[in-house]
Amino acid sequence: MEQLAEESPALSALHHPGIGKALMAIHGSCAEPWTVESLAREAGMSRSTFSQMFRELVGEPPMRHLTVRRMQEARRLLADTSVPQQDIAQRIGYRSQVGFHLAFRKEFDMTPGDFRSRRASRTRTVQQVRDDG
């Protein structure tokens, strides 16, 4: 854990009592409608102190960190084809499909549907190689 903390600012930030609480909230409940204000309350800090400390310790603003976490979860859910694509936006905290679509495209330079299609075709190719080998 200590080695990981040295390599990842977010992990080392877990040692800070307030920022650690906020990070646990983001990673444990990324679908919640978090704001800087609500995360600061979670941390027991003022909004301005929280924002500054979060940026210093984690290396990015709180809302950017939340977006990255949501996009990680979106990719995981998209890879699981048993999860309907239309359900993913809400499951990761977006109120609209359009907002999710735009955020995903900005982050990965492809749409959620393109990501799922590419994953599915890669999975089929791997399965074919296994079947043929």
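Colleague: Which residue forms a salt bridge with Glu37?
Modeller: In this predicted model, the closest N and O atoms of the pair are 2.7 Å apart. Glu37 lies in helix α4 and its partner in helix α5, so the bridge ties together parts that are ten residues apart in sequence. Glu37 is partly exposed, at 37% relative accessible area. The partner, itself partly exposed at 45%, is Arg47.

Colleague: How many residues apart are Arg64 and Glu107?
Modeller: The side chains of Arg64 and Glu107 meet in a salt bridge, 2.8 Å from N to O. Arg64 belongs to helix α6 and Glu107 to helix α8 (residues 97-108), so this pair links distant parts of the chain.

Colleague: Are Arg64 and Glu107 buried, partly exposed or exposed?
Modeller: Buried means under 20% relative accessible area and exposed means over 50%. Arg64 has 35%, and Glu107 has 27%. Both values fall between the two cut-offs, so Arg64 and Glu107 are partly exposed.

Colleague: Is Glu73 buried or exposed?
Modeller: Glu73 meets Arg69 in a salt bridge of 3.7 Å, N to O. The two are four residues apart in helix α6, so about one helical turn separates them. Arg69 is at 15% relative accessibility and counts as buried. Glu73 is at 14%, and under 20% is the cut-off, so Glu73 also counts as buried.

Colleague: Which residue is linked with Arg69 and Glu73 in a network of salt bridges?
Modeller: The count of salt bridges in the model comes to four. Arg69 and Glu73 form one of them. The network that holds Arg69 and Glu73 also includes Arg76.

Colleague: What distance separates the C-alpha atoms of Thr81 and Arg119?
Modeller: Thr81 is in the loop between α6 (62-79) and α7 (85-91), and at 57% relative accessibility it counts as exposed. Arg119 is one of the residues of the positive patch. Thr81 and Arg119 are 38 residues apart along the chain, and their C-alpha atoms are separated by 9.4 Å.

Key:
Residues are numbered from 1 along each chain as its sequence is written. This is a predicted model: local features need pLDDT of at least 70, side-chain atom pairs count only at pLDDT 80 or more; totals for chains, interfaces and linings use all residues. Side-chain values use heavy atoms; hydrogens and water are left out. Patches are made of residues with over 30% relative accessible area and no salt bridge: like charges are joined within 9 Å, nonpolar side chains (Val, Leu, Ile, Met, Phe, Trp, Tyr) within 5 Å. Accessible areas come from the Shrake-Rupley method with a 1.4 Å probe; for residues, only the protein chains shown count as cover. Lys and Arg count as positive and Asp and Glu as negative; His and the chain ends are not counted. The place of a charge is taken as NZ of Lys, CZ of Arg, CG of Asp or CD of Glu. Buried means under 20% relative accessible area, exposed over 50%, partly exposed in between (1.4 Å probe, protein chains only).
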